[in-house]
Amino acid sequence: MPASPQPVPPAPEPRLPRPPLETIQARFGGRAPHQWGLEVPGVVTRSSSDAVALTFDACGGPGGSGVDARLLATLRKHGVPATLFLNARWIAANPGTSAELAADPLFELADHGTAHRPLSVSGRSAYGIPGTASLAAVYDELVSNRAHLENLVREPAPWYRPGTAYFDEVAAEVTRAVGLVPVNFSVNGDGGATFSAAQVATALAAAGPGDIVISHMNRPGSGTALGYEGVLPRMLAHGVKFTTLSKAGLSAA
């Protein structure tokens with residue numbers, strides 16, 4: 001999850017209309033947040049599905065723009081679907097891989113923001129990374145990656161996860177107001193790509209129906225790929241089903 005914010009290339013104009021910043025400021029201006037974390041009101045952390053929803057973040061930036069080809073190969077080998085949260089910096093660093101993933105029906109693409117900032121209206125930090133410091137900064141972080149995703153797929157999934165996965169409750173409301181759905185997780189699958197393979201396998205093996213698992217696909221050499229490689233066949237053999245967030249029945253409303 002943690003990654004140092006870095007500049008990204010300018011995005012083209014998005015195809016889908018969004019409420020203008022002025023509308024957001026009129027609606028949310030002056031609201032003071034009272035909660036901060038991974039589970040604040042309005043943020044989805046589970047589904048009603050009988051399957052496990054695997055989600056993978058691609059954070060971008062220094063040390064975070066790699067591609068875990070071994071992990072992706074494991075998912076493909078076993079036909080395991082997943083939702084991929086792509087950051088604008090990662091897309092810019094990996095245009096070919098991004099297009100390849102967009103064309104693969106096993107995966108759906110979702111939004112991991114632009115500068116990988118925690119989503120805050122007051123500049124709260126997470127893991128040492130300063131969050132967005134105003135409504136205008138929240139708005140920019142929410143909408144500016146959308147055009148990059150729309151260049152890859154006509155209709156990206158509406159799911160949004162900020163850098164570090166931290167929200168305040170006002171920023172979570174703003175996320176919905178611009179037409180996205182704030183999504184986090186109930187199972188931390190790789191501890192921000194810091195877990196050993198054994199720890200990844202243990203965390204993932206505990207996932208059950210309705211769980212949303214977060215892991216990372218931008219850190220080759222971490223324990224993530226090896227952990228998934230070891231545990232997925234066992235879970236499949238025991239009848240565990242896997243799904244994307246959209247097929248898990250999450251609502252964009």
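Trp36, Tyr127 and Tyr166 form one aromatic cluster, and that is where I began. I am reading a predicted model, in which local features need pLDDT of at least 70 and side-chain atom pairs count only at pLDDT 80 or more, while totals for chains, interfaces and linings use all residues. Residues are numbered from 1 along each chain as its sequence is written, and side-chain values use heavy atoms, with hydrogens and water left out.

**Entry 1: aromatic pairs**

I searched the whole structure and found 3 aromatic pairs. For the record, rings of Phe, Tyr and Trp (its six-membered ring) pair if their centres lie within 6.5 Å; planes under 30 degrees apart count as stacked, over 60 as edge-to-face and the rest as tilted.

Phe56 and Tyr228 make a tilted pair, with 5.2 Å centre to centre and 55° between the planes. This pair links distant parts of the chain, with Phe56 in strand β2 and Tyr228 in helix α9, 172 residues apart. My helices (H or I, at least four residues) and strands (E, at least two) are DSSP runs, numbered from the N terminus. Are Phe56 and Tyr228 buried or exposed? I find Phe56 buried, and Tyr228 as well. Here buried means under 20% relative accessible area, exposed over 50%, and partly exposed in between (1.4 Å probe, protein chains only).

Why is the pair of Tyr127 and Tyr166 edge-to-face? The ring centres of Tyr127 and Tyr166 are 5.7 Å apart and the planes stand at 85°, so I note the pair as edge-to-face. Tyr127 sits in the loop between β5 (125-126) and β6 (129-130), and Tyr166 in the loop between β7 (159-160) and β8 (167-168), 39 residues apart. Tyr127 counts as partly exposed because its relative accessibility is 45%.

**Entry 2: strand β2**

Next I followed β2, residues 52-58, and found 7 of its 7 residues buried. In a regular strand the side chains alternate between the two faces of the sheet. In β2, I see Val52, Leu54, Phe56 and Ala58 pointing one way and Ala53, Thr55 and Asp57 the other, all of them buried.

Which strands does β2 run parallel to? I count 5 bridges to β11 (residues 212-216), 4 bridges to β3 (residues 82-86) and 2 bridges to β12 (residues 242-243). Two strands pair if DSSP finds at least two bridges between them. From β2 the chain passes through helix α2 (residues 69-77) to β3 in a right-handed β-α-β crossover. I call a crossover right-handed if, with the strands pointing away from the viewer, the path from the first strand over the helix to the second runs clockwise.

I then moved on to β4, which is joined to β3 by 5 bridges, the two running parallel. Ala82 stands opposite Phe107 in β4. In β4, 5 of its 5 residues are buried, with Phe107, Leu109 and Asp111 pointing one way and Glu108 and Ala110 the other.

Back at Phe85, I found Arg161 over the face of the ring, at 4.3 Å from the ring centre. The test asks for NZ of Lys or CZ of Arg within 6 Å of the ring centre and within 35 degrees of the ring normal.

**Entry 3: nonpolar cores**

I looked up the largest nonpolar core and it has 33 residues; Leu54, Phe56, Leu84, Leu86, Met217 and Tyr228 have the most contacts inside it. A core here is a set of buried Ala, Val, Leu, Ile, Met, Phe, Trp, Tyr and Cys residues joined through side-chain atoms within 4.5 Å. The elements that each supply at least two residues of this core include β2, α2, β3, β4 (107-111) and α9 (224-237). The largest share, 5 residues, comes from α9. Apart from this core lies another, of 19 residues, including Val40, Val43, Val138 and Tyr160.

What does Leu54 touch? Not counting residues up to four places away in sequence, I list among its contacts (heavy atoms within 4.5 Å) Leu75, Val213, Tyr228 and Phe242.

**Entry 4: positive phi**

Last, the backbone. Thr164 has a positive phi of about 75° although it is not a glycine; I place Thr164 in the loop between β7 and β8, buried at a relative accessible area of 0%. Ala193, also not a glycine, has a positive phi of about 65° and lies in the loop between β10 (187-188) and α8. Ala193 counts as buried because its relative accessibility is 14%.
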